[in-house]
Amino acid sequence: MTVSVAALVIVLLVVFRLLYSAAVTGPADERLQAGLLAVEDSHQAMLEMDSSLRGYLATGDRYFATEATKTSPALAAADAQMLTLLDEPELRQSVLQLLLAQQRWRTEWASAAERQVPPPGGTEAFLLQGKALFDSYEGRKEDTRAVALAAIEDSQRRATTTQWVLGALLVVVGLATLGVALRGRRRLERHVVAPVDGLLASVRGISEGRLVPPEPVAGSAELVALRDGLADMTVALRHQHEETTAQAERLQAQTDRLRTILIMTREIAGSLNTRYVVDSTVQAAVAVTDGRVLLWLLDEDGSGLELAYDSSRGAVPPLESHCNLGVGVVGRSARYGQISRGDPDTDDESAVAVPLVVGARVIGVLECFDGVEGEVDGQALSAVEMLATLAGSAIEASRLHAATERLSQFDPLTQLANRRRLGADLDSAVANAKRHGHPMSVIMLDLDHFKELNDRYGHQQGDVVLQEVASTLRASMRDGETAYRYGGEEFAILITEGGPDDAAALAERLRERVEADFKRGGRQLVTASFGIATLPEHAGDGEGLVSEADRALYSAKNSGRNRVHRAGQLVG
């Protein structure tokens with residue numbers, strides 16, 4: 001009876017072990033299945049967004065843009081569920097590539113499509129670009145789906161094999177134990193039951209996570225060998241567990257770095273503020289490397305780099321720090337467009353420099369110093385490279401926007417503010433003068449006989465004269481006085497706080513200066529005529545001031561040129 005009970009207990013243990021194995025392996029399959037469904041849900045949301053955006057680009061109907069926006073929550077939810085696949089080593093690379101391909105489509109095409117702002121190549125080229133990016137995404141999606149299906153099949157196959165092996169092993173042990181038990185209770189107690197109880201206790205401890213080798217047993221050679229094998233397995237599992245834990249920590253750190261880069265990319269994707277983009281880039285690099293980071297930008301003439309941001313200090317004033325191309329770790333990285341590492345033996349900083357490359361041109365360098373975890377290398381360096389690639393495009397776009405904005409308000413020939421800028425400044429100055437009750441003036445001046453100068457010496461010489469006059473005006477301006485090129489050979493001067501006498505005195509100084517500067521031998525190349533109008537004496541708004549000053553200017557021309565007239569003193 002006792003032997004039968006012992007045999008029954010062993011069989012029950014076998015069944016329990018099989019059920020336990022099934023309970024452990026089942027959740028992994030469910031996680032893979034949920035991740036695979038998330039990949040499909042994400043793809044469906046992407047298809048809906050792509051269709052809506054293409055409809056918006058084709059028709060201009062905001063309904064399609066609204067429909068595209070409505071798919072964003074579903075896409076975000078699917079992507080969040082998809083992130084669980086990062087816990088599977090064999091799927092991690094495919095999922096990361098899928099997310100990056102998706103983000104690239106949204107950043108480089110979908111964001112612009114939502115604003116219906118195609119690139120210079122036109123709508124057709126823009127649609128082809130979107131199709132190419134979407135096809136790349138779909139390729140990554142199919143790869144991820146195939147890898148996930150393979151992982152599911154492999155998991156199920158391993159689970160089945162493990163169950164059979166484990167079941168067979170336990171059955172053999174149970175049968176062996178039953179056979180030994182039938183030979184005698186005393187022998188069973190002495191040579192089998194006690195050692196087996198100890199080994200089972202060790203197995204339970206291992207299953208509960210206590211990776212402690214079993215105590216030595218005194219029994220048959222088989223039990224001793226089983227104990228030794230279990231001890232070896234326990235030691236191997238302990239090492240594997242430690243290695244897996246370390247690898248998980250490394251993968252988690254890399255995932256955190258990539259998540260930081262993804263967040264930074266989303267933040268700067270729609271920003272055209274260079275300072276904000278630079279600040280976000282440096283902060284992301286600090287999060288990735290856990291060390292000090294400097295960002296250098298190529299100067300205007302391309303001969304060197306200027307320090308733009310220091311993570312330990314913030315934004316750096318212009319021209320504070322300069323680095324020549326090819327000199328030091330930063331200069332070498334900028335010249336050759338490659339990652340460069342400092343050499344302490346040659347007095348170089350112990351830092352790594354990663355170039356910001358846009359197209360085939362280096363526009364800056366990220367200089368990363370070693371953090372508390374050691375030098376920047378391996379996965380951290382790969383993350384910085386990815387960050388540099390994304391940040392370079394964003395910084396270049398913001399700088400081009402700033403340059404375009406400046407060109408829209410400044411005359412390219414004379415470098416003076418243009419007529420458009422005058423209108424904005426004039427409105428502000430008039431409002432300020434009325435609010436505080438002080439006068440303000442506008443001076444209009446025109447170069448006399450400029451057409452004859454162009455006809456005699458050519459338009460190139462005429463441009464030189466315009467530049468010299470602009471330089472004379474710029475050098476003569478004081479606080480509250482601004483010169484503008486109004487058009488052709490006509491200029492304007494805005495005096496934010498000054499009455500007619502102040503304006504007349506400035507105009508007379510400028511008239512004498514122009515007359516003196518452009519006398520060549522006995523020939524006078526050009527002179528200038530001036531018209532003055534003041535608020536509130538001559539007009540009540542900016543447009544009226546310009547009109548009255550212009551009338552006074554033509555009065556001066558009609559009176560013989562090379563003179564100053566005030567509004568109200570008109571001739572002809």
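Me: What makes Phe 64 partly exposed in this predicted model?
Reply: Its relative accessible area is 27%. Buried means under 20% and exposed means over 50%. The value for Phe 64 falls in between, so the residue is partly exposed.

Me: Why is the pair of Tyr 63 and Phe 64 called edge-to-face?
Reply: The ring centres are 5.6 Å apart, and rings pair if their centres lie within 6.5 Å. The planes stand at 75°.

Me: How many aromatic pairs does the structure hold?
Reply: Five.

Me: Why is the pair of Trp 109 and Phe 126 called stacked?
Reply: Here the centres are 5.4 Å apart, with the planes at 25°. Planes under 30 degrees apart count as stacked, so this pair qualifies.

Me: Which parts of the chain does that pair link?
Reply: Distant ones. Trp 109 is in helix 3 (residues 89–114), and Phe 126 is in helix 4 (residues 123–182). They are 17 residues apart. Both also belong to one aromatic cluster, with Trp 105, Phe 134 and Tyr 137.

Me: How do you know whether Trp 109 and Phe 126 are buried or exposed?
Reply: Trp 109 has 0% relative accessibility. Phe 126 has 1%. The cut-off for buried is under 20%, so both count as buried.

Me: What does Trp 109 touch, not counting residues up to four places away in sequence?
Reply: Its contacts include Asp 50, Leu 53, Arg 54, Leu 57, Phe 126 and Leu 133. Trp 109 is also among the residues with the most contacts inside the largest nonpolar core, as are Leu 53 and Trp 105. That core has 32 residues. Helix 3 gives the most to it, with eleven residues.

Me: What makes Arg 292 count as lying over the face of Phe 369?
Reply: Arg 292 lies at 5.2 Å from the ring centre.

Me: Which residues of helix 8 are buried, and what covers them?
Reply: Val 329, Val 330, Gly 331, Ser 333 and Ala 334 are buried. Their cover includes strand 1 (293–298), strand 2 (304–310) and strand 7 (361–369). Gly 337 follows helix 8, with a positive phi near 65°.

Me: Where is confidence lowest, and where is it highest?
Reply: Helix 6 (residues 221–269) is lowest, at a mean pLDDT of 72. Strand 10 (residues 490–495) is highest, at 96. The mean for the chain is 81.

Note on methods:
Residues numbered from 1 in each chain as written. Predicted model: local features only at pLDDT ≥ 70, side-chain atom pairs only at ≥ 80, totals over all residues. Heavy atoms only, no water. Phe/Tyr/Trp six-rings, centres within 6.5 Å; stacked < 30°, edge-to-face > 60°. Buried < 20%, exposed > 50% of the residue type's maximum accessible area, 1.4 Å probe, protein only. Helix = DSSP H or I, 4+ residues; strand = E, 2+ residues; numbered from the N terminus. Lys NZ or Arg CZ within 6 Å of the ring centre and 35° of its normal. pLDDT = per-residue confidence, 0-100. Contact = heavy atoms within 4.5 Å. Core = buried A, V, L, I, M, F, W, Y, C linked by side-chain atoms within 4.5 Å.
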